[in-house]
Amino acid sequence: MLDHVFRPCAIGGLTVPHRVVMGAMHLNLETLGDGGAALAAFYTERVRGGAGLIVTGGSAVNAAGSGGPGYGVLDDVDHRAALARAARAVHDAGGLIALQLFHAGRYALPGASGADGAPPLAPSAVYSRFSRTAPRAMTGRQITETVAAFARGATAAYELGFDAVEVMGSEGYLINQFTAPLTNRRDDAWGGDAGRRRRFPVEVLRAVRAAVPPGFPVLFRMSGADLVDDGTPWEETAALAVALATAGADALAVGVGWHESPVPTVQAQVPAGTWAVYAQRVKRALRAAGHEAVPVIASNRFNQLAQADEVLAGGDVDLVAMARPFLADPAIVEKSRTGSDLSVDLCIACNEACIDRSFGTERVSCLVNPRAGYESVFPGRRFPACRNRYAVIGAGLAGLEAARTLARLGHEVEVYEAAGEPGGQFRLAARVPGKAAFGATVRQRVRELAALDVPVHLGHRVGVRDVQRLRAVDGVVLATGVRPHRPNLPGVDLPHVLDYARAFAAPEALGPRVAVIGGGGIAVDLAHLLAGGASPALTPEEFLASRALTALPGAVPVSGPGAAPAGGHRRVTVMRRGGRIGAGIGPSTRWVVLEELRARGVRLLTDVGYEGITREGVVVIGADGERRLVAADHVVLATGQLSRREVVPLLRQAGVPFEIAGGADDARALNAVRATAQGLRAAHRI
Ligand code: SF4
């Protein structure tokens, strides 16, 4: 098993111990002002968990290249000190680390750490929907200065103790902006035809190569397919790969997609391994040009080593980069190597605590692993002098997190859950098409708790009979979750009206026309389930075909899901009084989800007033003041939740200290990221 992953690989003068690279992630730890302590702890834990070569998040080569307020700039002595500390920590733990050299170009977000208030720099002044900025076209001098800045960055990486550098040239950042006709409208030495469009990346590579000693590995992350209209044509991508290899690149990592792409690339809806095809084609282009020896690294949308192994077995890819899976489980490599991969915490591609946060300043973390980014705050395992006894009431995400944290800290824990299954609200989400991986999280927790000798009493609603039992413990984490809120609407008690939990439990019992009152994340998930039926997951080939991407990498992608949705037999309407449908869903995912709903024919109504529910459906007043009937056989209420805290008086009666976590604490903005983070914190506080 995993024979292809666990083979060493040479990149320049460096031998990496296996074929899985921890890909670059911007963490918002880089400029925390703690001297690099959190960054060092984050990387160290991943090395201990088996990471071979780590690539840092992007470090801007100059102030203009900063991507956002949390980005480090290599000219900054504090950032350099933090990087040096991280590199030392990785080496002390036995790992290898490459510094990613970065320039955001027109993707610099407002408030970028090096910004002087001026618009960002780019090859041409082409407005970006991502950063909502019209950049300034770079002068020839600014371009040569930027090339020199990359070279200085490489020297700095070498001097700071890094083992390699990776030049960031994909995902629509500055270098990629030079290769794409969309953003390079120049007609000078740096644009106008294919050769001049690839001049900037090649000059950067040459300058970086020359700035570091021979044998010091230089990786280049290039775009295999921009997935935007007027992106880099495939012939130019292949020619760029060859030019980079000729100019001395020691490895090519292949990314796909821009932040402005109409095609999802890293969302849960994208089948695992979909984008490997672009790395394979780059490898074939290199082989045809006599550069077979240059390793090619596939990336994007792998979350298990078995998937990496399968792609490596195909022979056209030399390594696989995985990023988010290392957030979700720092020990993914070691657990997979030792055959305990069933205990791996899988990344579920929700993007909620990672990518969505990386666009702002909040510390990047992980829904399924809330310790991520906080390794120096919350120890992973501890063997306390005094082993306490705790009870966790509720086995939703918050309760499960609290229970495993307490057990990892060496305490004795028992979990009580009123329902017959663990997982709470999260278990409902696992039924939604494209979210099957959510179920894996719950199954992993159950396995981990069993391994930690934590009994989970299902079907046990804590009540008066448990007072003695509660008196015997040293503390309780109360994570009893929520119950659906029932609005005060005329007709709400009619027999065809039900709450979202019941609808999730038995979607097959609902009629062909369903009206959902409420437009938050739960309503959106439910609409997806009801309108999509039990859609089979697409294969990578089907996904690419649905986007017209099979002919050639870089072909103009189709907006919206092209494949006919399976099982879309219901007419579903989602209604919201105010605000946007799915407003709580993160920016990297919301557009994909809404696109899918529209493709399934789901009607999305906003700014409606509810007059009442009748046997025929819901009578609404539209934004235009017009009264109309939304015809429905069933009406589902997804109008928020209320905290369940019935046990609190009992805990007071027992005189036991307790902490509240998850929806039981605050049901207003029910949020799985917050639930797991609160579970972790409650376990450390109690
Ligand atoms: Fe994966 Fe979600 Fe964790 Fe990000 S927050 S690493 S997408 S599970």
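Me: How does D607 count at its relative accessibility of 43%?
Reply: D607 has a relative accessibility of 43%. This is a predicted model, in which local features need pLDDT of at least 70 and side-chain atom pairs count only at pLDDT 80 or more, while totals for chains, interfaces and linings use all residues. Residues are numbered from 1 along each chain as its sequence is written, and side-chain values use heavy atoms, with hydrogens and water left out. Because buried means under 20% relative accessible area, exposed over 50% and partly exposed in between (1.4 Å probe, protein chains only), D607 counts as partly exposed.

Me: What phi does D607 have?
Reply: Most residues other than glycine have a negative phi. D607 lies in the loop between β21 (603-605) and β22 (609-614), where helices (H or I, at least four residues) and strands (E, at least two) are DSSP runs, numbered from the N terminus. Although D607 is not a glycine, its phi is positive, at about 55°.

Me: Is N28 buried or exposed?
Reply: N28 likewise has a positive phi, of about 60°, without being a glycine, and its place is in the loop between β3 (20-22) and α1 (37-48). With a relative accessible area of 3%, N28 is buried.

Me: How many of the twelve residues of α1 are buried?
Reply: The buried residues of α1 are A38, L39, A40, A41, F42, Y43, T44, R46 and V47. What covers them includes β3, β4 (53-60), α2 (77-92), β5 (96-102) and α10 (324-328). The helix α1 is therefore largely enclosed by the rest of the structure, and of its twelve residues the number buried is nine.

Me: What length does α7 reach from its first C-alpha to its last?
Reply: Helix α7 (residues 234-246) has 13 residues, and the expected span of a helix is 1.5 Å times one less than its number of residues. For α7 the expected value is 18 Å, and the helix comes close to this, reaching 18 Å.

Me: Which residue with a positive phi follows α7?
Reply: Within α7 itself, the buried residues are W234, E236, T237, A238, L240, A241, L244 and A245. The residue that follows α7 has a phi near 110°, and it is G248.

Me: How are α18 and α20 oriented to each other?
Reply: Helix α18 (residues 521-532) and helix α20 (residues 587-599) pack at about 40°, with their axes 10 Å apart; axes are lines fitted to C-alpha atoms, for helices over the stretch in contact, and angles run from 0 to 180 degrees between N-to-C directions. Angles under 35 degrees count as roughly parallel, over 145 as roughly antiparallel, 65 to 115 as roughly perpendicular and the rest as oblique. The two helices, α18 and α20, are therefore oblique.

Me: Which residues does R644 touch, not counting those up to four places away in sequence?
Reply: R644 lies in the loop between β26 (641-643) and α21 (648-654) and is partly exposed, with a relative accessible area of 22%. Its C-alpha is separated by 5.7 Å from that of G481, 163 residues apart along the chain. Taking contact as heavy atoms within 4.5 Å, R644 touches R461, T480, G481, V482, R483 and A664.
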